[in-house]
Amino acid sequence: MISPRQRCPAARRASLRAHLCFASALMGVLALKTGVAGVAHAAPITAQTPVAPVSDTIISPNSKARANPPMSARPVDAEAMGPEPSAIRRPPNTPIPPSGVPELPSSGFATMDFTPLMPSEDKKSPHQIELDALLPSEGPSGLLPPRLDALRDTDLNDPYYVPTAGAGHLLRAIDPMREWLRKRGFTFSFSYKGEAMGLMSGGLEKGMSYVHELTLQAIFDLQKMAGLNGWSVHTLVMERAGKAIQNGRVGEYYVALQEVYSLSGNVAAHLVDFYAEKKMMQNRLDLIFGRMSLTHVFATSPLLCSFMVTCSAPVGLKQNPAMSVYPKATWGGRLRFRPTRDTAVQVGAYSVSALTDNPSGWSWGAENTTGLSLPIEFTWQPFLTRNRLPGHYVIGYAHDTTRYADKISSVYPKKLADRLPGTRSAPADMMWVEADQMMYRLGGRNMMAGGYLMAGYVHTTPHVANISDQAYGGFSMVGMIPGRITDRFGVLYSWYHVSQRRRLSQELAQEAGLPLGSSIHGIQNNSHIIEAYYGIDAFPGILIQPEFQYMIHPGETHRIPNAVMAGLKLIANL
């Protein structure tokens, strides 16, 4: 006779669900003892719950088969049923591997953890990317109805990425060499990103703008090279050239309208990353320390980085020196762990210096450290319904100990501004709330095989910020054109609000008859941007992305009504 506990899988779900399962199994045992036919496994939730045929195993799409005792019937919910076959069917001749994980590393692939390939102490981890949970239970997902919650342990191993460089490589001839080096602990990528953008109407002056970057990324797996368990070293150098469209043609000085912009120091090899990583506690804790950019670690997502304007983080955060903006790097460290299977926490400590300090990335002694940035971020990552629809719900906060001058003196003379009540130097505080949720699955089992809705809000201390508030919302979809499942179409609306202290400084200066400055065309208030793109996964190693942008009130004033721009992004992963 099979006991009720043997009938129930290991209790890794919410306690209520485990009790329901145990009660259901107990009813089945009692029914067998009394000889009542047809009630050996009654549905525990509702009489309308559909019933699946007899099966000894349940196949999880991202894990091995789970053994379960034979039973005459099983209630079918999000836990028991796999994704719909039409949703996980891979497109023919796709360069994306069956696991959904591209050939890594590549600077063209944005990930939640900044770098896409990390050695792991967990030998069972198929991709060696995601951390294991400290507790085997769920967090907020355990409160969801069983039909909605489909979280599995192994789902967390899939990387959260968007193929912004196309899958694969252009130079397939050297793939054997890549694989030979990878087995010995060294992986690398070299990519080109070019962005051409033209102002078609509005703005200040019609014309074209071109910028590009060349990026070399390398990861040294010290576990394979020297037997140092869980250790790796990450490096990234780049070269940038060109002039972005926003300043001279559009009249915008706060919001970068092209992802590739200055801060490269006009050097052939600008040093961006040079840091070490250690995974410990059987792949439950991840520590990185060295030189890195905060906006590729905190307040970012691959979906954001598929757009030009918001990559790699919301503009409202990139305005502040405390969030060192890629490719500006700083000294610091970050610790990341998963309290439960569906939650993640990361905390960091980073030195703060002006964004213009050390423009080449190599002159570490030239940086003037002004304070310490202390960010913390919490993420809830549920998997919903039978199709395993992932979501990412993020809340973060950062405190910068640097004391900044009040923005009221940014235009109005400081010697006069200091006489105004309430003016003072102050540290900076930043908070952000970001969310994205896959709404449908199409083209595979990985976390980017589907369409997402996304939204977010950012706030920074008005006393020290030019842009104090930003809100955005949009979507990122795949399969908009039949047969083009790996192409991606995205639209994002963003609203930017100028700090009230910055605006007050301009109002006081205007009343006193003082100039506002060559880059300010009037009292600043708000601006809006609508960005749309269509990313074409042309062939292995090449992504072509037509781009459209419509900006309302460039420069955050009403002097320039709007600007209409169109362009093209090309990314080649060699």
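**Loops, cores and contacts**

Trainee: Where does Gln-282 lie?

Mentor: Gln-282 is in the loop between β10 (270–280) and β11. Strands (E, at least two residues) and helices (H or I, at least four) are DSSP runs, numbered from the N terminus. The model is predicted, so to speak of a local feature requires pLDDT of at least 70 and a side-chain atom pair counts only at pLDDT 80 or more, while totals for chains, interfaces and linings use all residues. Residues are numbered from 1 along each chain as its sequence is written, and side-chain values use heavy atoms, with hydrogens and water left out.

Trainee: What about the phi of Gln-282?

Mentor: Phi is near 55 degrees, a positive value in a residue other than glycine. Arg-388 also has a positive phi, of about 55 degrees, and is not a glycine either. Arg-388 sits in the loop between β15 (383–384) and β16.

Trainee: Is Arg-388 buried or exposed? And Gln-282, buried or exposed?

Mentor: Arg-388 is buried, at 2% relative accessible area. Gln-282 is exposed, at 54%. Buried means under 20% relative accessible area, exposed over 50%, and partly exposed in between, with a 1.4 Å probe and protein chains only.

Trainee: Which peptide bonds are cis?

Mentor: One joins Cys-311 and Ser-312, with omega about 10 degrees. Another runs from Tyr-326 to Pro-327, with omega near 10 degrees. Ser-312 is in the loop between β11 and α7 (315–318), and Pro-327 in the loop between α7 and β12 (330–337).

Trainee: New topic. Which residues touch the most other members of the largest nonpolar core?

Mentor: Of its 20 residues, they are Met-292, Phe-298, Leu-317, Met-323, Tyr-350, Met-430 and Trp-432. The elements giving two or more residues to this core are β11 (285–292), β13 (343–352), β16 (389–404) and β17 (426–441). Apart from it lies another core, of 17 residues, including Val-255 and Met-551. A nonpolar core is a set of buried Ala, Val, Leu, Ile, Met, Phe, Trp, Tyr and Cys residues joined through side-chain atoms within 4.5 Å.

Trainee: What does Met-430 contact?

Mentor: Leaving aside neighbours within four places in sequence, Met-430 is in contact (heavy atoms within 4.5 Å) with residues including Leu-317, Met-323, Tyr-397 and His-459.

Trainee: Where is Tyr-457, and what polar contact does its side chain make?

Mentor: Tyr-457 lies in strand β18 (residues 450–460) and is partly exposed, at 33% relative accessibility. Its side chain makes a polar contact with the side chain of Asp-469 at 2.4 Å. A polar contact is a pair of N or O atoms within 3.5 Å; within protein, one must be able to donate a hydrogen and the other to accept it, and residues adjacent in sequence count only if both atoms are side-chain atoms. The C-alpha atoms of Tyr-457 and Pro-314 are separated by 8.7 Å, though these residues are 143 residues apart along the chain.

Trainee: And Gln-524, buried or exposed?

Mentor: Gln-524 is buried, with a relative accessible area of 3%. The place of Gln-524 is in the loop between α9 (500–511) and β21 (526–539). The side chain of Gln-524 reaches the backbone oxygen of Gly-555 at 3.1 Å. Not counting residues up to four places away in sequence, Gln-524 touches, among them, Tyr-254, Arg-502 and Glu-556.
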